[in-house]
Amino acid sequence: MNRILLLLAGVASLALLGSGKVKAQAFQFPTLPYAYNALEPNIDAQTMEIHYSRHHKAYYNNFVKAADELGLAGLSLEEIFANVSKYPVTVRNNGGGYYNHMLFWEILSPTSAGKPTETVLKAIDTSFGSFQSFKEAFENAAKSQFGSGWAWLSVGANGKLFVSSTPNQDNPLMDVATQKGKPILMIDVWEHAYYLKYQNKRADYVTNFWNIVNWSRVEELYLEAYKQK
Ligand code: MN3
């Protein structure tokens with residue numbers, strides 16, 4: 001009996017080894033890395049709670065349901081996004097909503113250093129000339145995105161950084177994106193992200209965003225993206 005179990009265990013581990021890198025463990029809903037009120041006064045607690053526990057959770061639930069029905073569980077989000085135009089639009093909207101918010105929580109922090117790390121600053125200087133030029137481009141993208149969407153800082157295929165914006169829950173990893181790259185910094189400009197505190201003043205929300213950027217996480221994302229470009 002024991003030998004049979006050992007044999008089965010052996011076969012199972014071989015199967016795991018044989019499958020190479022495990023790409024997509026079942027998609028997980030992330031834990032928020034800080035309390036709902038941790039980003040006050042820049043983002044209020046009620047907005048954070050509704051945004052994370054209702055909006056983000058709903059995107060996640062809807063995406064997992066669609067992924068199950070379509071048999072996408074073996075794929076990574078990157079692989080899905082690279083062909084997102086071939087799937088039902090629910091994958092684009094809810095998969096984007098799931099992924100975009102997951103990254104967004106990570107690049108925010110109650111203990112922001114207030115300025116980029118040296119590595120990120122150097123990359124920004126190289127691509128935009130100065131931090132100020134980059135900041136203006138990013139803020140413009142965030143403020144001028146008509147209706148709901150996101151503004152992004154991404155690493156392009158040439159290794160350079162670029163700023164873009166996307167409507168709805170699209171992101172630069174998607175085949176439908178006008179400018180494709182790997183995102184390292186982003187801001188959600190859907191009204192649900194700021195309306196309770198800022199009402200129609202999106203520009204103030206965008207200005208205060210700089211107070212809570214987790215630049216060390218941005219650096220990690222930059223280094224990962226730069227390696228894979
Ligand atoms: Mn949102």
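Reader: Buried means under 20% relative accessible area, exposed over 50%, partly exposed in between (1.4 Å probe, protein chains only). With that settled, how many residues of strand β1 are buried?

Author: Seven of the seven residues of β1 (residues 149–155) are buried, so the strand is largely enclosed by the rest of the structure. Strands (E, at least two residues) and helices (H or I, at least four) are DSSP runs, numbered from the N terminus.

Reader: What kind of model is this, and how are residues numbered?

Author: It is a predicted model, in which local features need pLDDT of at least 70 and side-chain atom pairs count only at pLDDT 80 or more, while totals for chains, interfaces and linings use all residues. Residues are numbered from 1 along each chain as its sequence is written, and side-chain values use heavy atoms, with hydrogens and water left out.

Reader: Back to β1. Which residues sit on which face?

Author: G149, A151, L153 and V155 are on one side, and W150, W152 and S154 are on the other. Both faces are covered. In a regular strand the side chains alternate between the two faces of the sheet.

Reader: Which strands does β1 pair with?

Author: β1 pairs with β2 (residues 161–167) in the antiparallel sense over seven bridges, and with β3, also antiparallel, over six bridges. Two strands count as paired if DSSP finds at least two bridges between them.

Reader: How many residues lie between β1 and β2?

Author: Five, and the two strands form a hairpin. G159, in the turn, has a positive phi of about 85 degrees.

Reader: New topic. What holds the manganese ion?

Author: Its protein donors are H51 (NE2), H101 (NE2), D188 (OD) and H192 (NE2), at 1.9 to 2.1 Å. Donors are N, O and S atoms within 2.8 Å of the metal (3.2 Å for Na, K and Ca); water is not among the atoms, so sites may look incomplete. Along the chain the donors follow the spacing H-x49-H-x86-D-x3-H.

Reader: Where are H101 and H192 in the chain?

Author: H101 is in helix α4 (residues 89–106), and H192 is in the loop between β3 (182–188) and α7 (195–198). The pair links distant parts of the chain, 91 residues apart. H101 is buried, at 0% relative accessible area, and H192 counts as buried at 19%.

Reader: How many salt bridges are there?

Author: Six. A salt bridge is a side-chain nitrogen of Lys or Arg within 4 Å of a carboxyl oxygen of Asp or Glu. One of them joins E69 and K65, with the closest N and O atoms 3.4 Å apart.

Reader: Why are E69 and K65 about one helical turn apart?

Author: Because they are four residues apart in helix α2. E69 counts as exposed at 61% relative accessibility, and K65 as exposed at 53%.

Reader: What about E139: buried or exposed?

Author: E139 is buried, with a relative accessible area of 14%. Its side chain meets that of K143 in a salt bridge (3.7 Å, N to O), and K143 counts as partly exposed at 39%.

Reader: Which residues are linked in a network of salt bridges?

Author: E106, R217, E220 and E224. Within it, R217 bridges to E224, with the closest N and O atoms 3.9 Å apart.
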